[in-house]
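This briefing goes through selected local features of one protein model. The points are grouped by topic.

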Amino acid sequence: MDEQARAFRFGVVGESIRSGAELAATARRAEELGYATLTLRDHFVTEPFGDQLAPMVALASAAAVTGTLRLGTMVLANDYRHPVLLAKEAATLDHLSDGRFELGIGAGWLRAEYAAAGIPFDAAGTRVGRLEESLLILRSLLAGEKTVFAGEHYRIDGLTVFPRPARRPPLVIGAGSPRMLGIAGRHADTVGILPRALPEGAISDAITERLPDTIARKVDRVREAAGDRDVELSMMVTPRFGADPRAAAARVAAARGWGADADLVLGMPTQFVGPPEHIAAQMTERRERYGFTYYQVPDSAMEEFAPVVALLAGRPRQA
């Protein structure tokens, strides 16, 4: 499929879910509103998103109370699970959800979390190299192959996974740096374009990471690495609603410390402001320009963003 011809789909990131009841209610409501996915983050410290349920277990519970909603991780830190264990859990969750699981994974970035858990926070090059080996193992095991692998970080000697997925669950990789974007382009089915992770263990807040030229370069890097592979492009966004797009953009600029430059915000591929119809038009234009077709919003915005889902979900590009 030509990435420009992809239909839109939308997801909810369950950041504020703290109980089983909240999980079930959010999953059912997301499905009712037409969202395609519910994803959960992977943190065991309170910062930066508050306390989180364990994603794989929680998603199995969400699968039991929904029928069409896809379930995903956004994203697992590779260093927290051995790829063989993760493949087993992913295959089981995919089976329990009747093939609705999407495996999102990254290299890990939150130094404070590693320190709190006593996990060594290796240099970025080591963590990223370990992730790439893990991806090769996961792709093989989840495709039902007998897997033999000998790398710098992992060794696998003739394992298979049970239950064998009817089809390999889609792999989702969040990426912001050139090397990570290349790995994502080579291995992922969906690539989430992110600001780059910093060596000190944080995500860059630099405005340059959010400007059109930067986003375009990141998309080009993914496409170059993907070659002939068809890769879905995704982004996590927090829309700002208001009757006047320029006024809403000015409020975003002021809140983020970007001055009062509404035009700057209006041109950012990462920002969506205004009434639902205006945001839908922005997303349609940015699909044409960059290829983004999968947007995720925090659960706090799920209800307010639902009119945009109603306008765009499932809508392919017009010839």
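Which residues are exposed on the other side of α3? They are H95 and L96, and the side facing away from them is described below. The model is a predicted one.

**Helix α3**
- Helix α3 runs over residues 83-96, and its 14 residues reach 20 Å from the first C-alpha to the last, close to the 20 Å expected at 1.5 Å a residue.
- The buried residues of α3 are P83, L86, A87, A90, A91, L93 and D94.
- D98, with a positive phi near 60°, follows α3.

**Helix α1**
- Helix α1 covers residues 20-33; its 14 residues should span 20 Å at 1.5 Å a residue, and the end C-alpha atoms are 20 Å apart, which agrees.
- L23, A24, T26, A27, A30 and L33 are buried in α1.
- The buried residues of α1 pack against β1 (9-13), β2 (37-40), α2 and α11 (302-312).
- After α1 comes G34, and its phi is positive, near 95°.

**F162, in a loop**
- F162 sits in the loop between β7 (155-159) and β8 (171-175).
- F162 has a relative accessible area of 61%, so it counts as exposed, the cut-off being over 50%.
- With neighbours within four places in sequence left aside, F162 is in contact with K88 and T92.
- The C-alpha atoms of F162 and A87 are 9.0 Å apart in space, although the two residues are 75 residues apart in sequence.
- A87 is one of the buried residues of α3.

**A175, in a strand**
- A175 belongs to strand β8.
- A175 is buried because its relative accessible area is 1%, and buried means under 20%.
- Beyond its neighbours within four places in sequence, A175 is in contact with M180, L181, A184, G192, I193 and L194.
- Of these contacts, L194 is 19 residues from A175 in sequence, with a C-alpha to C-alpha distance of 5.5 Å.

**Backbone exceptions**
- Most residues other than glycine have a negative phi, and most peptide bonds are trans.
- D98 is not a glycine, yet its phi is positive, about 60°.
- D98 is located in the loop between α3 and β5, and its relative accessibility of 71% makes it exposed.
- The peptide bond from M74 to V75 is cis, with omega near -20°; V75 is in the loop between β3 (70-73) and β4.
- A cis peptide bond also links F162 to P163, with omega near -5°, and P163 is in the loop between β7 and β8.

**Cavity**
- The structure has one cavity of 30 Å³ or more, and the volume of the largest cavity is about 30 Å³.
- What lines the largest cavity? The lining consists of G14, I17, L40, Q52 and L53.
- By type, this lining has three nonpolar residues, two polar ones and no charged ones.

Conventions: Residues numbered from 1 in each chain as written. Predicted model: local features only at pLDDT ≥ 70, side-chain atom pairs only at ≥ 80, totals over all residues. Heavy atoms only, no water. 1 Å grid on protein atoms, 1.4 Å probe; cavity = no way out; pocket = protein on both sides within 12 Å on 5 of 7 lines; lining within 4 Å. Points joined across faces, edges and corners; volume = space filled by probe spheres on them. Nonpolar A, V, L, I, M, F, W, Y, C, P; charged D, E, K, R; others polar. Helix = DSSP H or I, 4+ residues; strand = E, 2+ residues; numbered from the N terminus. Expected span 1.5 Å × (residues − 1). Buried < 20%, exposed > 50% of the residue type's maximum accessible area, 1.4 Å probe, protein only. Contact = heavy atoms within 4.5 Å.
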